[in-house]
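Look at the sequence and the model below. Then work through the questions one by one.

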Amino acid sequence: GALPQEGSDPPTEAFCYQNTTGLAQAFFFAIDRFSASTSPRFDLFVPTGQALRYTNASGSLLEPANSPNALAVGAICWSGDGLEPYSSQGPTIDGRIKPDIAAPAAVTSGVYGPFAGCGSSDPSTGFTGTSAAAPHVAGAAALWKALMPLSSSDAIRDMLQADAVDLGGDAVPDSMFGVGKLR
């Protein structure tokens, strides 16, 4: 049994289990609101490779991308601008819009090989993930810095975001693409 959460720190629980039987096992979690006066947000994190039966991408952005001081980059398929299924989404726990901008993923690279399709984090499909999208934005920022060497990092961020192409079709920015696709 878990102990009641007390004090002003955000409540945190951890569960770690290694299946040594070799058989598939199912786990069930329950959260009981026992004499609480508020309805706080609950985040459940599961290591990569594990599947949850029910998921919700909204609010899935992790540290440090959810920091107000970080430029968070969403991953989109370069060949169609669709949001990649592994791309984390906002809003942040305090309600801010994240990611800030979106950039291409599932691209051909010398290390990861040729593009073979979008919608997969399989490394055989080229360079995938926000690990592929973020360098596109960093490269664009470096080009802006070379063009305007006296620009601050805030000014460069503002220029990149002002030049982005809206992909959401609704309010900009949004919690899937930020201000849109890096141009």
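**Contacts, a helix and ring pairs**

Q: Leaving aside neighbours within four places in sequence, which residues is Gly180 in contact with?
A: Contact means heavy atoms within 4.5 Å. Gly180 lies in the segment after α2. Leaving aside its neighbours within four places in sequence, its contacts are Ile101, Ala102, Ala164, Val165, Asp166 and Leu167.

Q: What kind of model is this, and from which number are residues counted?
A: This is a predicted model, where local features need pLDDT of at least 70, side-chain atom pairs count only at pLDDT 80 or more, and totals for chains, interfaces and linings use all residues. Side-chain values use heavy atoms, with hydrogens and water left out, and residues are numbered along each chain as its sequence is written, from 1.

Q: Is Gly180 buried or exposed?
A: Buried means under 20% relative accessible area, exposed means over 50%, and partly exposed is in between (1.4 Å probe, protein chains only). Gly180 has 0% relative accessibility, so Gly180 counts as buried.

Q: How far apart in space are the C-alpha atoms of Gly180 and Val73?
A: In sequence, Gly180 and Val73 are 107 residues apart. In space, their C-alpha to C-alpha distance is 9.9 Å.

Q: What span should helix α1 have?
A: Helices (H or I, at least four residues) and strands (E, at least two) are DSSP runs, numbered from the N terminus. The expected span is 1.5 Å times one less than the number of residues. Helix α1 has 18 residues, 130-147, and its end C-alpha atoms are 26 Å apart.

Q: Which elements do the buried residues of α1 pack against?
A: The buried residues of α1 are Ala132, Ala133, Val137 and Ala140. They cover an arc of only 140° around the axis (taken from the directions from the helix axis to the C-beta atoms), so they sit on the same side of α1. On the other side, Ser131 and Ala146 are exposed. The buried residues pack against β1 (73-77), β2 (101-105) and α2 (153-162).

Q: How many aromatic pairs does the structure hold?
A: Rings of Phe, Tyr and Trp (its six-membered ring) pair if their centres lie within 6.5 Å; planes under 30 degrees apart count as stacked, over 60 as edge-to-face and the rest as tilted. By this rule the structure holds two.

Q: Why is the pair of Trp78 and Phe115 called edge-to-face?
A: Their ring centres are 5.1 Å apart. Their planes are at 75°, so the pair is edge-to-face.
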